[in-house]
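Colleague: Hi! Could you walk me through a few local details of this model?

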Amino acid sequence: DQRTFAADQNFSGGTAWNANAYSYAVDVSGVTNPAPPVVYQDQRYGNMSYTFNHYLPGTNYLVRLHFSECCWAGAGKRVFNVYINGQQVLSNFDIFAAAGADNRAVIREIMATADANGNLTVGFSNVVDNASINAIEILQGGLYVPLNVLATPGNGQVSLTWNPVAGATSYNVERATLSGGPY
């Protein structure tokens, strides 16, 4: 897995919860490209928001929301709404109902556009009990971006190499003389 998940940051509100005192495994077998299992051992819950900045204004991103119900063993016990840049993207979301069980990962993918300041704000509001999130992953253009890109100059050419991206069937390479294009 080439993705990196950072500790909880960029949040306002909510409460952090860690599973250190509990012993349970989260089933990630039913989702595509899950976060590493340990990511599902932590969560933030309650009314909260996350603001991620330094994105390209007006650019589309795939926001992947990672959930696992760790507390309730039934549907209807935790229900909440999710907003991205003020627009409701999940209504009355129930992790248990979506996953079909507790301690089972479920992912929701939403395309979103960075605002004029290059921000993506993901908000959660309680309906029944507390909203909950394990991880937020943001990918440009809805695609996985290769890591460890290396450009090697040559005679009138540049050779590019990168780590392969799992599931990729092709790559688009664009160039510009200025950072941010035009390409």
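This is a predicted model: local features need pLDDT of at least 70, side-chain atom pairs count only at pLDDT 80 or more; totals for chains, interfaces and linings use all residues.

Colleague: Is Cys70 buried or exposed?

Modeller: Cys70 counts as buried, at 18% relative accessibility. Cys71 is partly exposed, with a relative accessible area of 47%.

Colleague: Switching to the backbone: what is the phi of Asn33?

Modeller: Asn33 has a positive phi of about 50°, and it is not a glycine. Most residues other than glycine have a negative phi.

Colleague: Where is the place of Asn33?

Modeller: Asn33 sits in the loop that runs between strand S1 (11-18) and strand S2 (42-52). With 28% relative accessibility, Asn33 is partly exposed.

Colleague: What about His54, what is phi near there?

Modeller: Phi of His54 is near 75°, again a positive value in a residue other than glycine. His54 belongs to the loop between S2 and strand S3 (60-68), and His54 is exposed, its relative accessible area being 75%.

Colleague: Back to the loop between S1 and S2. Is Gln41 buried or exposed?

Modeller: Gln41, in the loop between S1 and S2, is buried, with 16% relative accessible area.

Colleague: Which residues does Gln41 touch, not counting those up to four places away in sequence?

Modeller: Leaving those sequence neighbours out, Gln41 touches Trp17, Asn18 and Ala19, along with Tyr24, Ala25 and Val26.

Colleague: One last residue. Where does Ala73 lie?

Modeller: Ala73 is in the loop between S3 and strand S4 (79-84). Ala73 is exposed, at 61% relative accessible area.

Colleague: And what does Ala73 touch, not counting residues up to four places away in sequence?

Modeller: With those left out, Ala73 touches Phe96 and Asp102. The C-alpha atoms of Ala73 and Ala101 are separated by 6.9 Å, with the two residues 28 apart along the chain.

Key:
Residues are numbered from 1 along each chain as its sequence is written. Side-chain values use heavy atoms; hydrogens and water are left out. Buried means under 20% relative accessible area, exposed over 50%, partly exposed in between (1.4 Å probe, protein chains only). Helices (H or I, at least four residues) and strands (E, at least two) are DSSP runs, numbered from the N terminus. Contact means heavy atoms within 4.5 Å.
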